[in-house]
Amino acid sequence: MITDPIADYLTRIRNAIKANHRVVEIPASNMKKGITKLLFDKGYILNYKFEDDKIPGIIKIALKYHPVSKLPAINEIKRVSRPGLRRYCNSKELPRVLNGLGIAVISTSRGLITDKEARKLNVGGEVICYVS
């Protein structure tokens with residue numbers, strides 16, 4: 001049993017990047033699917049596929065690397081809010097990652113969005129993770 005599935009999701013991605021893997025498979029949940037869609041929309045991963053034919057479903061993520069230098073698109077991915085210590089921010093206190101070059105994934109009443117979108121919509125929420 002995993003006590004923090006989001007931390008496991010981020011750790012699997014981090015480990016796959018360090019091992020230079022092209023694809024990583026992760027057990028699916030709605031929160032993980034939302035984070036995956038957000039990472040794809042912002043250009044941090046190459047592609048993804050949800051396979052829901054099994055219980056639990058599986059998310060296959062194709063990691064993105066630079067074609068010449070082979071450096072990964074994700075330099076750092078870090079869990080912020082965790083089960084033992086939840087981190088909440090209002091719209092005025094939302095964090096900036098690398099002075100705006102990275103993203104913070106925020107769980108709001110409007111779903112999972114980035115810190116920039118949350119500032120634009122003037123909503124706060126739980127800070128899930130930082131990606132740079």
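This is a predicted model: local features need pLDDT of at least 70, side-chain atom pairs count only at pLDDT 80 or more; totals for chains, interfaces and linings use all residues.

**Rings**

I wanted to know how many aromatic pairs a search of the whole structure would find. It finds two. In one of them, phenylalanine 40 is paired with tyrosine 48, edge-to-face, with 5.2 Å from centre to centre and 75° between the planes. I wrote that down as edge-to-face because the cut-off for that label is over 60 degrees. The other pair is tyrosine 48 with phenylalanine 50, and here the rings are tilted, at 5.0 Å centre to centre with 45° between the planes.

Put together, these ring pairs join Phe40, Tyr48 and Phe50 into a cluster. I also checked how accessible the other two members are. Tyrosine 48 has 24% relative accessibility, so I list Tyr48 as partly exposed. Phenylalanine 50 comes out at 25%, so Phe50 is partly exposed too.

While I was at Phe50, I looked for a charge over the ring. Which residue has its charged end over phenylalanine 50? Lysine 33 does, and the charged end sits 5.4 Å from the centre of the ring.

**Cysteines**

Next I looked for disulfides, and the count is zero. I needed the cut-off here: a disulfide takes two cysteine sulfur atoms within 2.5 Å. Looking from the other end, the closest cysteine sulfur to that of cysteine 129 is the one in cysteine 89, again at 13 Å and too far.

Buried or exposed, I asked of cysteine 129? Buried, with a relative accessible area of 0%. Cysteine 89 has 18% relative accessibility, so I count Cys89 as buried. The reasoning for that call is that buried means under 20%.

**Proline 83**

I found proline 83 in the loop between β4 (77-79) and β5 (88-89). Its relative accessible area is 45%, so I have proline 83 as partly exposed. Then I asked what proline 83 is in contact with, leaving aside neighbours within four places in sequence. I got Thr3 and Asp4. I also took a C-alpha distance from proline 83 to alanine 73, 10 residues apart along the chain, and the two atoms are separated by 28 Å.

**Positive phi**

Last stop was the backbone. Asparagine 20 has a phi near 60°, a positive value in a residue other than glycine. I placed asparagine 20 in the loop between α1 (5-18) and β1 (23-27). With 52% relative accessibility, asparagine 20 counts as exposed.

Lysine 70 is not a glycine either, yet I read a positive phi of about 60° there. Where does lysine 70 lie? I see it in the loop between β3 (58-63) and β4. I noted a relative accessible area of 48% for lysine 70, so this one is partly exposed.

Methods
Residues are numbered from 1 along each chain as its sequence is written. Side-chain values use heavy atoms; hydrogens and water are left out. Rings of Phe, Tyr and Trp (its six-membered ring) pair if their centres lie within 6.5 Å; planes under 30 degrees apart count as stacked, over 60 as edge-to-face and the rest as tilted. Buried means under 20% relative accessible area, exposed over 50%, partly exposed in between (1.4 Å probe, protein chains only). A charge sits over a ring if NZ of Lys or CZ of Arg is within 6 Å of the ring centre and within 35 degrees of the ring normal. Helices (H or I, at least four residues) and strands (E, at least two) are DSSP runs, numbered from the N terminus. Contact means heavy atoms within 4.5 Å.
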